[in-house]
Amino acid sequence: MSEPILEVRHLSKSFGANVVLRDIDFTVSSGDVTTVIGPSGSGKSTLLRCVNLLETPTSGEIRFHGKDVAARGVSPTAYRSKVGMVFQSFNLFSNMSVLDNCTVGQRKVLKKDAEAARQNAMKYLEQVGMAPYINAKPRQLSGGQKQRVAIARALAMEPEVLLFDEPTSALDPEMVGEVLAVMRDLARAGMTMIVVTHEMAFARDVSNHVVFMADGVIAEEGPPAQLFQDPQNPRTQEFLSRFR
Ligand code: ADP
Ligand code: MG
């Protein structure tokens, strides 16, 4: 057993009177690919946003290598370079070229010089098949290409963990495969990932742990073979039956 990288402990989050996450606990170790599935509104995005410090937990802890990252004195920007995030809507900087999208964080946060940032960005743009498009602006790209750039941008920070929030949900169906293929390769190469997805084949084939969320709690979790073939919770059974 490798030691945990991320530990979410007793995490709760409310928006006013609306309790969105209740007492969430899970652990991610090096090389884990954890998929998070569940109905719309169950709190999946809020969970990832809390892990990325885009939301402040109402209570509970998020520990990164044992240290509570919500505590005072932890810089969210530095932490986010270690725990990166890829969004459903890409969130590329629309006024910047593909290359600049992939160098700006390295320069501003990691303080790399322009040439080192460029070389590193090129490495990851090649990995996702987007090196021919370095001078393009996001609006000139397809959705699948934009998402591959967003993945390269996240990788260029050399994170220890990558979070994906429904990375293929905004894509035309014919572009889902190219993004899933990149993610599959990352998983194979040992990247530690938490992936919110409705792509059940990806969850079943690529992840080693599946978390099923319903109404702000982890209703069931386990290895994909168990969770998909022999779900115990009636809510998991009902949810999975929609995909058959
Ligand atoms: P999922 O990603 O599983 O669809 P979300 O985490 O987006 O679920 O949302 C869970 C619940 O939290 C929903 O009821 C949603 O309306 C609420 N919610 C999410 N973000 C906010 C916010 N910033 N302010 C108020 N309510 C929010
Ligand atoms: Mg969501």
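Let's start at the ligand: Thr-46 has a polar side-chain atom 2.6 Å from an oxygen atom of ligand 1, a polar contact (a pair of N or O atoms within 3.5 Å). The protein covers 59% of the 560 Å² of accessible area that ligand 1 has on its own, with areas taken from the Shrake-Rupley method with a 1.4 Å probe.

This is a predicted model, in which local features need pLDDT of at least 70 and side-chain atom pairs pLDDT 80 or more, while totals for chains, interfaces and linings use all residues. Residues are numbered from 1 along each chain, chains are lettered from A and ligands numbered from 1 in written order, and side-chain values use heavy atoms, leaving out hydrogens and water.

The shell around ligand 1 includes Phe-15, Asn-18, Val-20 and Pro-39; a residue belongs if one of its heavy atoms lies within 4 Å. By type, the shell has three nonpolar, seven polar and one charged residue, with Gly counted as polar and Lys as charged. Helix 1 gives the largest share, three residues, and strand 2 (18-29) supplies at least two. Helices (H or I, at least four residues) and strands (E, at least two) are DSSP runs, numbered from the N terminus.

Now for the loop between helix 1 (44-51) and strand 4 (59-64), where Asn-52 sits. Asn-52 is buried, at 3% relative accessible area; buried means under 20% (1.4 Å probe, protein chains only).

Notes. Buried < 20%, exposed > 50% of the residue type's maximum accessible area, 1.4 Å probe, protein only. Polar contact = N/O pair within 3.5 Å; in protein donor to acceptor, adjacent residues only side chain to side chain.
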